[in-house]
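Let's take a look at a protein together, starting with what sits around one of its ligands and then zooming out.

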Amino acid sequence: MANFETPELTKWPVVPKIKPGAMSHLAPYVAKPEIQQPLGYPGELVDNWERVAIDKLGELKGKYRSLQVFMDACVGCGACTDKCHYFLGSADPKNMPVARQDLMRSVYRRYYTLAGRWFPKLVGARDMTKEVLDEWYSYFFQCSECRRCAVYCPFGIDTAEITMAAREIMDTVGRGQKYSNEVIGKVYKFGNNLGLPGRAVADTLESLEEDVEEETGLKIRFPVDEKGAEVLLVVPSADFFAEPHVDGLVGYAKVLHQAGISWTVSTHASEGGNFGLFIGSYENMQRVSIRIREAALDLGVRRIVFGECGHAWRVAYSFLNTLAGPFDFLDPDYPVPQHICEVTYDLIKRGVVKFDKSKNDHMVVTFHDSCNPARAARLGDMPGGQFTIPREIIKATCNHFVEMAPDTVRDATYCCGAGGGILTDELMDVRVKGAMPRMQALKQVVDIDGVTHMVSICAICKSQFSKVLPYFNFNARMNLGVHQLVSNAIVLENRV
Ligand code: SF4
Ligand code: SF4
């Protein structure tokens, strides 16, 4: 375990006494030139970077009207101050959403408002300096772009969008984050975030097929690059081998097998994740998305289905058609794209897949709503489907389900602590602190209701929980995906 303090889990949520500067030491590794350049960014701080940054801010506020509104609309009411998990876990006042916004707002005021130009001190306006840039680099990478603060702001000011804009400005002047930008580079080179060559993906799926045959006695296929399949399945690459993710992939395969739906993974687009979102780069988000269109066309599929990955689903649901459409070559009877939970839920409703719920009787399960499906997308065609559908699947597969406290679930859910490009080891301090509110809510249901497992539909949440649960004296293996419950309980028949 690393050298930092794990926050204490109190019985009830407590707003901490502020500790100015508590997290000012923390910043992610800076991307080297060879990581920056494939994404179209300078490798180091450009000459006259202050002017370039100010101009980029001007460009972004013109391009995204929301950014201009967010810069102007805050009245300092304070409603957001205790809503960020990073503030609650770290007590650093700069992790209050309004203070995080002010890092940019102060620069905006200096260069883009009359009062800031003439009376900077009076309106809290600051010059763009190296000190300011360093502060941005630290605190805009202590925001997981989870949007929880926006739910409580009377004006809907979305700090996530401000963070994205700040990161785009920093990339433009040559200060990029190693983790996110390296991951995007791997997608361009290998087709996935992990840098797995196509052969490795195929080998992994082949051995998974053997393992599942051994477990079930059935030939459940895990096809790769299979032309003419009905569904292109786009999963987070962690699903290929990480625990507990891979058990979810087995669940998707079992559902599709039982429904008689042919499917394939593509080695060209072997990744659902899209870190272009995290760095606020429309261009990179589009380049990553285009691979999915290319794979769908090349393989001649009729549908595109995404696996359990929160931000992948946000990009897919909200932007895929704009970024990589039109998808008029796909079957118009299905939404483009679909989420695996939508597919499974529909099959449950139609009685195509059935479950032996007793297979999950050793668990008392709670559900962690992941930020991106909860606050930035939807599942199904009914309002709140992103909350209902996973819960309906859980209830169909499992006899013991318990909700966490109402102010910690659905659109009030707490982030796992590692979304938005924070899932990197050098930020473990803030990851553990940011996980505190979720761990606190989990502890309540563990103590009171005997909860043994927490399920989610996000690859980043699963990876983060595997790491942080032990810091709070929980077993890392209590963390699983919804489709792992499905996999355990589904009643299967031989389809070959
Ligand atoms: S991490 Fe979430 S709650 Fe905190 S400032 Fe960022 S978007 Fe708001
Ligand atoms: S809730 Fe909204 S208006 Fe109030 S301080 Fe926070 S960002 Fe500003």
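A residue counts as near a molecule if one of its heavy atoms lies within 4 Å of it. By that rule, ligand 2 is surrounded by Cys-74, Val-75, Gly-76, Cys-77, Gly-78, Ala-79, Cys-80, Val-98, Gln-101, Cys-153, Pro-154 and Phe-155. What does this shell look like by class? Ligand 2 has nine nonpolar, three polar and no charged residues around it. Here Ala, Val, Leu, Ile, Met, Phe, Trp, Tyr, Cys and Pro are nonpolar, Asp, Glu, Lys and Arg are charged, and the others, Gly among them, are polar.

A word on the ground rules: this is a predicted model, where local features need pLDDT of at least 70, side-chain atom pairs count only at pLDDT 80 or more, and totals for chains, interfaces and linings use all residues. Residues are numbered from 1 along each chain as its sequence is written, chains are lettered from A and ligands numbered from 1 in the order in which they are written, and side-chain values use heavy atoms, leaving out hydrogens and water.

Now for helix H3, residues 65–73: Leu-67, Gln-68, Phe-70 and Met-71 are buried there, meaning under 20% relative accessible area with a 1.4 Å probe, protein chains only. They cover an arc of only 160° around the axis (using directions from the axis to the C-beta atoms), so they sit on the same side of H3. Helices are DSSP runs of H or I with at least four residues, numbered from the N terminus.

| Helix packed against H3 | Residues |
|---|---|
| helix H2 | residues 49–63 |
| helix H5 | residues 97–112 |
| helix H9 | residues 159–173 |

Finally, of the 496 residues of the protein chain, 60% count as buried.

Methods:
Buried means under 20% relative accessible area, exposed over 50%, partly exposed in between (1.4 Å probe, protein chains only). Helices (H or I, at least four residues) and strands (E, at least two) are DSSP runs, numbered from the N terminus. Contact means heavy atoms within 4.5 Å.
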